[in-house]
Amino acid sequence: MSDNSNLKTKLGKNVFKPVKEPHIRIRPGLEKDPRLQAAIYACPAGLYTLNSQGTVQLEIDGCLECGTCRIVCGTEVLEWNYPAGGTGVQFRFG
Amino acid sequence: MEKFEVIIVGAGLAGLSAAYTLAQNGIEAVVVERGDYPGAKNATGGRLYLNPVKKYLPDLWPALLEEKALERPVAVELLTMIAPETSTTLRFRSGEFATPPYHSFTVLRGVLDRWLAKKAQEKGALLVTKNRVEELIRENGKVIGVVAGGEELGAETVIACDGVLSFVAEKAGGRTPGLPRNYAVGFKEVIELPSRRIEERFALGENEGAANLFLGSLTKGRFGGGFLYTNRSSISLGMVLRIQDLMDVHPLQEAPRFLDDFKARPEIAPLLAGGETVEYSAHVLPEAGFGGLIRPFADGLLVAGDAAGFSLNVGLTVRGMEFAIASGVLAARAFRQAREKRDFSASSLSVYQKFLEESFVWQDLKTFQHAPRFLDNPRLFDHYPQLVGEIFQSLFHIGEDPKQRLFATVKGKVGWGEAWAVLKDLRGGFKI
């Protein structure tokens, strides 16, 4: 990802309540699945990035719970749930 | 396990409209919401058209307007075609839209959903926040309750208003995870600006609002567009892009960059100057229209709002919230009818389908069923905004040489081949 400081600043404006455990996980062994590559481009919070080993990693902090990656990757690749009640992003304006 | 007559999953507009209607009829309804408060997980562009929903929640008028649950009445509609070097805007102002009873309002869901929840609670509906529905409880195939926050809650009927991904409908077997070509992602910033400044920048009267849609090169050949809505003291600026196109239209580009580039455009940047971004939100939207609908009822289950796929993009208008409100109310009415017979089987609850078919929800989706195919034309999002820009550029342009006649100027841009292609594209449009 090129310059994402803009994005980080924007995400920093949101109210997030800490999520105890990640609500979205890449299923073990599927880190190189091509569907994950597409999530790099589709996630509006830029949470999917390519690391130096050429595998995709997911940073859950900042998740907007929009559902895009579930539609991009499908449930074979992602174990996808909403965060537990009362945690995660809390939109004040929406 | 604790039992209620109805459990509603999700305190969005569908769920709260259902809760309000049920409570009003003396039916015991509990809304289970995973956010800290209603609206905490919801986002809209957005704007609400009033006419379709007035008769569904008649006694909430005029409180909806008086108690400031909505932002600004949209008096000015703008449509902007964006090309790399040009932009062409159509500005439409309507006196009728600007005066009571008003046509549409800009909306912030953090405000509207909390207001509607309060109204439903005043009627007697129960609201449980900070609780995520984890499982459906079923007996012989019939839905008889949910597990929320580790606790079992029973109900005669569950109404799934849990949004575009609807895990409830999915768990009930009524739908499968969606495909990228049938969904778009919308993402936006809310940018605070003093209300007087908004009125000056958009040439609006006091408390009047503007809605601006943007088509063209801002999506770089992808299905989608941009939007700008003026709220009371903020601007909602965002984009909608089809998920499939983010995955496979080249050159690939990260979604957030589209919005950054859009914000930096000379048409947009001055409108936002001095404003402060206070929130960045995103949400998936159903884009399949009529073709994407599911059967919205089963034994002990009704599905309303985005969860049922009730959303309609006709290009100039993009609607979801009216469908959510109406379908929530109709689901409540269907339950009331089933309750008279003490029968909550699929065949008894299927009266919901009948109510939907008699309403604008089903009829609009059906009327515009060809819209997704017409809109699925890259020329609309790339070529035409560019062409319109070129035509105006050459009409306005004065060069060194004597100027050509106007018709010849236009014909130079729109030759026979182009005219033929326009006709072909229009033919698809006539089906809308």
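Q: Where should I start with chain B, and how many helices and strands are in it?

A: Start with the overall make-up. This is a predicted model, and its chain B has 19 helices and 19 strands. The radius of gyration of chain B is 23 Å, close to the 22 Å from the globule rule for 432 residues, so chain B is as compact as a globular protein of that length. Along the principal axes, its C-alpha atoms fill a box of roughly 85 × 45 × 35 Å.

Q: What does the domain assignment of chain B give?

A: A domain may be built from several stretches of a chain, as you can see here: domain 1 covers 2-67 + 110-175 + 294-358. Domain 2 covers 374-430. The C-alpha centres of these two domains of chain B lie 46 Å apart.

Q: How do I read contacts, and what percentage in chain B join residues 24 or more positions apart?

A: Look at how far apart the partners are in sequence. Among the contacts in chain B with a separation of 6 or more, 73% are between residues 24 or more positions apart. For one example, take B:Glu287 and B:Pro372: they are 85 residues apart in sequence, yet their C-alpha atoms are 7.3 Å apart in space.

Q: Is B:Glu287 buried or exposed?

A: Count the neighbours around it. B:Glu287 counts as buried because it has 27 C-beta neighbours inside 10 Å, and the cut-off for buried is 20 or more. B:Glu287 sits in the loop between strand E15 (276-286) and strand E16 (297-298) of chain B. Leaving aside neighbours within four places in sequence, its contacts include B:Asn182, B:Tyr183, B:Arg242 and B:Pro372. Across chain B, 51% of the 432 residues count as buried.

Q: What should I look for in a nonpolar core, and how many residues has the largest one?

A: In soluble globular proteins, nonpolar side chains tend to be buried together. Here the largest nonpolar core has 160 residues, and those with the most contacts inside it include A:Ala39, B:Ala19 and B:Leu302. Helix H11 (residues 321-340) of chain B gives the most to this core, with 12 residues. Beyond four places in sequence, B:Ala19 is in contact with B:Ile8, B:Ala29, B:Val31, B:Ala120 and B:Ala125.

Q: How many residues of chain A are in contact with chain B?

A: Reading an interface starts with its residues. Here, 34 residues of chain A are in contact with 43 residues of chain B. On the chain A side, helix H1 (5-12), helix H2 (34-42) and helix H3 (68-73) each supply at least two residues. That side divides into 18 nonpolar, 11 polar and 5 charged residues.

Notes
Residues numbered from 1 in each chain as written. Chains lettered and ligands numbered in written order. Predicted model: local features only at pLDDT ≥ 70, side-chain atom pairs only at ≥ 80, totals over all residues. Helix = DSSP H or I, 4+ residues; strand = E, 2+ residues; numbered from the N terminus. Buried ≥ 20, exposed ≤ 12 C-beta atoms within 10 Å, placed from the backbone. Contact = placed C-beta atoms within 7 Å. Rg over C-alpha atoms; globule rule 2.2 N^0.38 Å. Domains from an automatic or database assignment. Core = buried A, V, L, I, M, F, W, Y, C linked by C-beta atoms within 7 Å. Nonpolar A, V, L, I, M, F, W, Y, C, P; charged D, E, K, R; others polar.
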